[in-house]
Amino acid sequence: MLNRRHILLGSAATVGALSVPAVLRAQSGPIRIGLITTLSGPGQVYGQYIKDGAELSVARINSEGGVNGQQIELVVRDDKNSPDSALAAYRELTGSGIKLIAQGTFTANVLATLPLLKDDGVTSLVVGSSALSVTHENFTPNMFRLGYSAPMCFGGYGHLMAERFPEINKWALVRSDVQALADITNYFASGLVKKAEADGRKLELQEPILVPYNGADFRNQISQVSNSGADGLFNCLQGADAISYYKQARSFQLDKRFKLLCDSANELTVAKALGKNMLESTWSWTAWYPQAMKDNPSSDALHKAYTELRNDPYPNWYVGVSHDCIATIAEGIKATQSIEAADLIPAIENLSFQGATGNVTFRKEDHAFAGDLTYIRFGRSDTTETGWEVFETVHMAGAEFLEPATPGQKL
Amino acid sequence: MSSSVAERHSGREQALTLSQINRVLFVAAAVIIAAMPYLTNSGLLYLVGTTLILAVYSVGWNFLFSWAGLASFGSGGLFCIGAYVSAVALRAGWEQYFLLVIVVATLAGAAVAFLVGFVALRRTSGIFLAILTLSLAELLRHTLMHTRWLGSEDGLPNITRPTVSFIFFELNLKSGPAYYWFICAFAVVMLGICWWLSHGPLGRRLQAVRYDIERASFVGIDVHRNRLLAFVISGAVAACAGAVYAPWAQIVTPELSGMIRSTQPILFTLLGGLHSFWGPVVGAFAFMGIDYATRTLIGIQEIITGGILLGVILVFRGGIVGSWNALLARIFPGRGEQ
Amino acid sequence: MLFTLINSLTLGMAVFLVAAGLTLIFGIMRILNFAHGAFFMLGAYLTSTMVQDMPGSVWILIGTALVAGVIVGLFGLAVQHFVLSKLDGIDEHFMLIATYAVMLMTVGGIKSVWGLEFHSVDPPPGLDLGVDIFGTFVPSFSLFIICAGGVVFLILDYVIHRSWAGKLAVAIARDNWTTNLMGVNGPLGTKIVVAASFALAGLAGGLLLPNQTLSPALGDTFLLMAFITIVIGGLGNIRGAFVAALIIAVIDGLNTYFLPSFPGVIIYVGMVACLLLWPNGILGESRL
Amino acid sequence: MSILELSGIEKSYGPIKVLHGINATVEEGEVFAIIGPNGAGKTTLFKVMTGESYANAGTVRFDGRDVTFEPPHLRTRAGVGRTFQVARVFNPLTAIGNVIVAIEARKKAQNRDDNPWWAVKPSASTREEALHLLEGVSLAGKANFAATDLSHGDRKRLELAITLAGRPRILMMDEPTAGMSPGDREQVSLLIERIMKPEAEGGLSADGRKLTVVMTEHDMSVIFGLASRILVMNQGELIALGTVDEIRNNPQVREVYLGTEDQTLEIVA
């Protein structure tokens, strides 16, 4: 049983006298979790993954008998990729008595709701959003980020590349002209440099080449890249931009000009779109690559369910992360028997369980995700039907790459 | 002669009766809007508050469009300027001077509108002006996205709602309902000002310009100056709305200067009723209603919104206000024309 | 430098392909068609369904793009018949909102039919690599786009300014009423031009398909650029659109060359400057 | 005293020269008519005088002041009123609304706004003046009709009222009787005669000043009935300028009209 007194008190205090029906619902009905994500406009494709992952997670929990005997109900709302709509959705959900929220994808939409969590007594799990501000200057204890901070994820990436490929000393960087990708590129570069310096090598890093965001033609920049004379290349573009870029780069035979190609975080999206014309070989970060998580039943179950749902054996990493968001909330409630933020927050702080993406655990100070990192290398293949295959997978512990915790302050 | 006087007389009587019905509706709507915090949850309250702000913003746009006959596609840029001025000031801790901040933001919007209008209105009009303003707003958006101290593309979050200090008392606007009522007051003031401007001598001059630009200049109206004035007023209203919006949303992003924000008033105005003062307000609430009603229909929302819009335009040519008045005239034929 | 120019020309011609239909429909109906980007996208999706991952040859690509153009043109006829013709004679801004609504529905329809996932179609064999011109490496697909843009321009220019059909269309655009009096079926003429405009959107979608990534946001990428093009060139003026596309290419090239840290921004500055210098577009507004 | 002075006016549209150095002066209080066959350049000269387009060379002086490049609204404020060949009024406004706009524009330009700054409705004196003007052009009964609903003749009258609302010193009328029946033309002639009288005598001319009229016209009976002097143009050149009698007897004018307009010849003869 849930702690009934808490629910009554909490709801009455914030929602006021008119919310009586909501309280009644909370007592008798299922535990309601709100999901706010991008389901229209740019970014909709990611929002759809998040919705799928969350829904599959709820379905699994409910089929296993729910949390402490109570079923979970997911209430999904579209943030239309605007802070405005994210706020409207958030307020509608909390106004109807919902205390548990999962939210993604883009940082601005997450930043819109963060300041409200504490007063509303809401516990929020953030999917994705690598920006530092979420766990630093805009930190609020009611939020946990099950996304990867840029320093951990891409600093670790740079570290791995410098470690694995000590012979590559000249690097070129390409990124879209937006700030979030500038941060990612910078952390990758600093990860590279730090590791190389620790090994006593000096790297030559070129100034990042900028390409227009949501652009139509990248050939000018591609030509600049292929004439850079570097051996290693880090490509930091997103979604459709990335695919168009690789596609237009094909006639330049970009993959032959560089000894090492690193994609930021598009993982198999690129391969799935390019098919037989995939690059020879590239690395990418991913949060969830189920094929490499064979001893993880949670991952296997989700993978199976997703493949049945979408007929796609290569789910995007967002599916895994959003699945784990719901799982985290469920685990927290299991541990504390309450959905009140006051009880749930310490419970989640102390959690450590195996989710689909690996070990799920948070740093206590700033609630940053401190789980595992996964990097994959994949490329063109003549033997597979898809035209590409994944060559290798690297797992690393993420905690050591986490930036220092400075909750409430800028790093 | 006498028959025309009679016609005139009955015409006025009809207008009075119908406008009485509308007045009752208007008062009822105003009461419901004012009582919103008691009637609904914070989600709908937030939406209604936002819609009120956008309604004021759209009325400002419509002042330029339906009165001066100029279509700007870049009003989002001015809204954005107001919002950023307000956001920066509040984050810097000047919350007790919030009213002053709004004034400054409004002036900033007016100043930018003046600069743009001074150059652009002499040279362009019609669709060229529309695209020019659209490009300027896009330019602003790109600039904001590249400005690190304004938060780049993630914008400025955590904007505190202010406690406004007057000389004798303090007004705490931190809570949702309190700020909501502040928005209501703001809407009343701004709509009042806009109504006054539209229906006064300036409004008459501008309409004259819109109806016949050459004739207007041959009755001694300085066309350029009056258009510029309308451009500046519209810009000031947009920036003012933006300044009030920032603490309501508590976050501002460069997307405020995007095409969606700039095309909103156009949609509202056309949906609500062209060349009508209250058209944009009605349109804004109608649009909000459609949006809210379809919020759970994820995936097909676009098709439904598009379908409704299309239906409205094809069936109700005069927009909602025009069709409503026509409907009233038909329902009460006795009070209508002879 | 030559390379930058050729690449920018590629962008310019790609934009022209999209802008051509947009300026055509403006010429005859005086509307900015917001749905144009969506129909461009529809053309690309239709083509991708027909050619799957890779068109077998250049001619198959062109052929399927033409088929897609025809299908999109039929959609355009439907839009003209059920929506635009019903709004004839009332405030032109209603057309604007109507095309906006059509855009919403088209994008929604595309999403429900083709889904949200990114798709990619490769250039046909022969166009997937590059050639050497004066010691500069040039991707062959760039040349294909440049040629396609040039050919489409020449055909349009011939049809509009030289041929009987074009003169008729110009007459309709100038004075529909008188043309009707003279025994010419104006509404039919309008229908044909509108269908042609939509068909051009679809054709552009098909031709540019191997160059871009298919996603429901594809329409937005080009729409604003196409708007800018037809405005700089002079609304409704096909030659103007062509010249403006070249100007955009040059501006973009200079942008890449001299100001690489702000990609894609100078176009807006250039556009503002152009409008202030030539308030009615470089070649002036034209009814077709 | 001359109120309007044209010296050396030249105007070209592209390569085509339309006006070849026109010199003329208009005296205060006279009715000055400009005639000439179609394409003679009357309308162009008219446009140069009103400010609708500017001369390429030469000067236009109004009341001794150089106004060659002054825009229309400034000339209007200085006392130039103008009507168009096809009456141009503010269609959706009511008749009285049309006149009110014009009166308010004048008052604002003269800084004599008698309305408090916060007032929405036009001041009582403005409304009174507007009604008075409408009465003056016999439109008082249709004050609340939308201008669109007025007949052609009524629209011409309304336009005249709008123009007079600016209290012009010189009234420039481009074919005031164009498209009217003979009966209506006579009415217009009478109206013009009447408005030129000072207010005390039932006319509409302001504060004791003499109203000057400059008009282009095709109907010779209107011209010979009203005009004190006539300027005759042909192919962009002034070929004669003088009193009605002088023009009647000018051989050059006869020649111009002989080959062109038979009907005119009869009247001249």
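Visitor: What makes the nonpolar surface patch of W94(B), Y97(B), L100(B), V103(B), V104(B) and L107(B)?

Guide: In this predicted model, those six side chains make a patch of about 640 Å². Nonpolar side chains are joined into a patch within 5 Å, provided that each residue has over 30% relative accessible area. One of the members, L107(B), is placed in helix α4 (residues 98-123) of chain B.

Visitor: Why does L107(B) count as exposed?

Guide: Its relative accessibility is 55%, and exposed means over 50%, so L107(B) counts as exposed.

Visitor: Why is R167(D) called partly exposed, whereas N111(D) is called exposed?

Guide: Partly exposed covers values between the buried limit of 20% and the exposed limit of 50%. R167(D) has 37%, so it is partly exposed. N111(D) has 71%, which is over 50%, and is therefore exposed.

Visitor: What is said of phi in N111(D) and R167(D)?

Guide: Phi is near 60 degrees in N111(D) and near 50 degrees in R167(D). Both values are positive, in residues other than glycine. Most residues other than glycine have a negative phi. N111(D) is in the loop between α3 (95-109) and α4 (124-136) of chain D; R167(D) is in the loop between α5 (152-165) and β7 (170-174).

Visitor: What kind of peptide bond runs from G104(A) to T105(A)?

Guide: That bond is cis, with omega near 10 degrees. Most peptide bonds are trans. T105(A) lies in the loop between β3 (100-103) and α5 (107-113) of chain A.

Visitor: How do you know that chain C and chain D do not touch?

Guide: Contact means heavy atoms within 4.5 Å, and no contact joins these chains; their closest C-alpha atoms lie 15 Å apart.

Note on methods. Residues numbered from 1 in each chain as written. Chains lettered and ligands numbered in written order. Predicted model: local features only at pLDDT ≥ 70, side-chain atom pairs only at ≥ 80, totals over all residues. Heavy atoms only, no water. Patch = residues over 30% accessible without salt bridge, like charges linked within 9 Å, V, L, I, M, F, W, Y side chains within 5 Å. Areas by Shrake-Rupley, 256 points an atom, 1.4 Å probe, with all protein chains shown as cover. Salt bridge = Lys/Arg side-chain N within 4 Å of Asp/Glu carboxyl O. Helix = DSSP H or I, 4+ residues; strand = E, 2+ residues; numbered from the N terminus. Buried < 20%, exposed > 50% of the residue type's maximum accessible area, 1.4 Å probe, protein only.
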